[in-house]
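Dear colleague,

I am handing over the structure we spoke about, and below it you will find what came out of going through it. Please read the notes with the structure open beside you.

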Amino acid sequence: MGLLDGKRALVFGVANDHSIAWGIAKALHDHGAAEVGFSSVEMLLEKRVRPLAASIGSDFVEPCDVRVDADVARVFDAWAARHPGESGTGAGSLDILVHALAFANREDLDGKFVETSRDGFALAMDVSAYSLVAIVREARRVLASPSSVMCLTYYGAEKVVQHYNVMGVAKAALEASTRYLAADLGSSGVRVNAISAGPVRTLAASGVSGFKQMYGAFRDVAPLRSNITIEDVAGTAVWLASDLSRQVTGETVYVDGGFNILGVPTVEG
Ligand code: NAP
């Protein structure tokens, strides 16, 4: 018997097979989820996302630019049409919702934070933080009670990480949004949590200047002396998706080998 037997999930943010979203989708499937649907930017769908979806028996693949409210609504219209249920509205048809996407202009992930433009700031906040609110608002009409929503964040939300800049501010907003959404939706049986992952080699990460050096140094100082994989993150996602975490909401859960507990990260001589 799988931990997620019979559950239905929708995952936003697969770019390729290195994406954290893909690691999570695959693990949900491996732990028994009955269906895992996908939403990603249109350009990625046919070449990248559809074949990955097919590999776990899914053909629910919908385009969405999360900056566009109509796109977000269309994804949930499509989901509801696929799972009308007894009410015909799709109510209660979604058990797990994963938000694993972010974006900032490359020039804002280099140099000094003080140089961030108004437009660059707004863009990073819109795609990386507000999108969680927009997606959850639309998802309410199909989310089951109980159900689990999760998003992905990073330590740069709390402490200054060189070059993470505006994305750190956006992640702080994402973590705060997680708590406010959890408070709003708890009485409807919807839990909302964030996973704070250590550095993982992905497309998005390669846009952060200096990521390679940071990634290399991480395993020398993190208490568990290891880099973080998409499978590591996915394990915690499965727990958050399952009934084992039924009294956990509004939390930021670290999957970072203990890095965040260090006051002064130091390589032992
Ligand atoms: P990824 O594979 O590049 O995934 C990021 C996804 O976000 C991509 O599919 C990207 O599409 C999508 N996206 C960007 N703008 C979008 C928009 N307007 N509408 C819809 N989707 C959009 O990178 P990842 O590292 O797995 O990132 C997943 C999440 O984990 C992000 O929230 C990231 O901040 C977080 N995270 C990553 C790390 C790490 O070290 N990798 C650590 C902690 C947290 P495009 O490719 O077209 O831009």
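**Charges and overall build**

In this chain, the mean position of the 24 positive charges and that of the 31 negative charges lie 2 Å apart. Please keep in mind throughout that this is a predicted model, and that what follows was computed from it.

The chain is built from eight helices and seven strands. Its radius of gyration is 18 Å, which agrees with the value near 18 Å that a compact globule of 269 residues would have, while the C-alpha trace spans about 60 × 40 × 40 Å along its principal axes. Of the 269 residues, 53% count as buried, and the accessible surface comes to about 12800 Å², with 53% of that area belonging to carbon and sulfur atoms. Among the contacts with a separation of 6 or more, 74% are made by residues 24 or more positions apart.

**The strands around β4**

Strand β1 is itself mostly covered, with four of its five residues buried. Strand β1 pairs in the parallel sense with β2 over five bridges, and the bridge partner of Ala9 in that strand is Val36.

**Ser148 in strand β5**

Is Ser148 buried or exposed? Ser148, which has its place in strand β5, has a relative accessibility of 1% and so counts as buried, the cut-off being under 20%. Leaving aside residues up to four places away in sequence, Ser148 touches Asp95, Ile96 and Leu97, and also Arg191, Leu240 and Ala241.

Helix α1, residues 20-30, is mostly covered, since eight of its 11 residues are buried under the cut-off of 20% relative accessible area. The buried residues are Ile20, Ala21, Trp22, Gly23, Ile24, Ala25, Ala27 and Leu28. Which elements cover them? The cover includes the strands β1, β2 (35-40), β4 and β5, together with the helices α2 (42-55) and α8 (230-241). After α1 comes Gly32, which has a positive phi, near 105 degrees.

Helix α8 also holds Glu231, which has 56% relative accessibility and therefore counts as exposed, the cut-off being over 50%. Although Glu231 and Ala27 are 204 residues apart in sequence, their C-alpha atoms are 7.6 Å apart in space. When you look at this pair, note that Ala27 belongs to the buried residues of α1, whereas Glu231 counts as exposed.

With best regards

Definitions and conventions
Residues numbered from 1 in each chain as written. Predicted model: local features only at pLDDT ≥ 70, side-chain atom pairs only at ≥ 80, totals over all residues. Heavy atoms only, no water. Helix = DSSP H or I, 4+ residues; strand = E, 2+ residues; numbered from the N terminus. Rg over C-alpha atoms; globule rule 2.2 N^0.38 Å. Buried < 20%, exposed > 50% of the residue type's maximum accessible area, 1.4 Å probe, protein only. Contact = heavy atoms within 4.5 Å. Areas by Shrake-Rupley, 256 points an atom, 1.4 Å probe, with all protein chains shown as cover. Lys, Arg positive; Asp, Glu negative; His and termini not counted. Charge placed at Lys NZ, Arg CZ, Asp CG, Glu CD. Pairing = 2+ DSSP bridges.
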